[in-house]
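Dear colleague,

Please find below the structure that I promised to hand over. My notes on what was found in it follow directly after.

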Amino acid sequence: MKPFLLLATRAEDHAADDEYQAYLRYCGLDERELVRVRLEAGPLPPIDLDDYSGVIVGGSPYTSSDPVEEKSAAQIRVEGELSRLLDRIVADDFPFFGACYGVGTLGVHQGATIDRQFGEPVGPTRITLTEDGEQDPLLKGLPRTFEAFVGHKEACSQLPGHAVLLASSPACPVHMFRIKENLYATQFHPELDVDGLTTRITIYKDAGYFPPRQADELIRTARQHPVTEPMRILRNFTERYAR
């Protein structure tokens, strides 16, 4: 099998490694089958899409909708590299899955409006599939409504006309969409279970997602909501596109 490619941007080693282990576990892959590139650490190496089964973009501390003058040099570089890679991915309709930051990257690339209108606090939320979502192969086996973990400053407030809305919530109308047949993005984190969210809360408690004093309360709330359904999406992705 050709491996999948995980493009990551978390600078903190503990957060980066925990994210990688989550993708390995829920994609059903081993380290030979999921190649990780940490974009925050250096330039994106040359990528031949023919060497891979698909591309996954993990979550990120980067916020696409921030004014360019507020972005670090590393973020500007990463955004440019991802945009150029997406030029090829979209043109070829090459299997792509972006979680959280995927909405910012694929959404911006495709002309969606990404802003702070529908940001959500860290914790569980209820996601509902649209009629198109219920028919989409990547969402096979999921109930129509399920819980997922979120925590994002920005979101998509307007999809372009050629995008297909697959999932939504009352607080965030665009939680998952598809471009063409094989390009997907979610606002929620399908790789996050309770332990993973606890790790993120601990590491990012001073990153502006929530007041630091709320960290313990957020962890207690998360432990009352054992999220189990969204992970199926990752296994569906790898099983569908492995080649």
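In what follows, contact means heavy atoms within 4.5 Å, while helices (H or I, at least four residues) and strands (E, at least two) are DSSP runs numbered from the N terminus. This is a predicted model, in which local features need pLDDT of at least 70 and side-chain atom pairs count only at pLDDT 80 or more, whereas totals for chains, interfaces and linings use all residues. Residues are numbered from 1 along each chain as its sequence is written, and side-chain values use heavy atoms, with hydrogens and water left out.

The protein chain has seven helices and 11 strands, and buried residues (under 20% relative accessible area, with exposed meaning over 50%, for a 1.4 Å probe and protein chains only) make up 57% of its 243 residues. Among contacts between residues at least 6 apart in sequence, 75% join residues at least 24 apart.

In helix 6 (residues 215-223), the buried residues are A215, L218, I219 and A222. Seen down the helix axis, they fall within an arc of 100° (taken from the directions from the axis to the C-beta atoms), so they line one face of helix 6. Their cover includes strand 6 (120-129), strand 7 (145-152) and helix 5 (194-203), while the face turned away from the buried side carries the exposed residues D216 and R220.

Helix 2 (residues 73-92) has among its buried residues L82, L85 and L86, and what covers its buried residues includes strand 1 (4-8) and helix 3 (101-109). Just after helix 2, D93 takes a positive phi of about 50°.

Best regards
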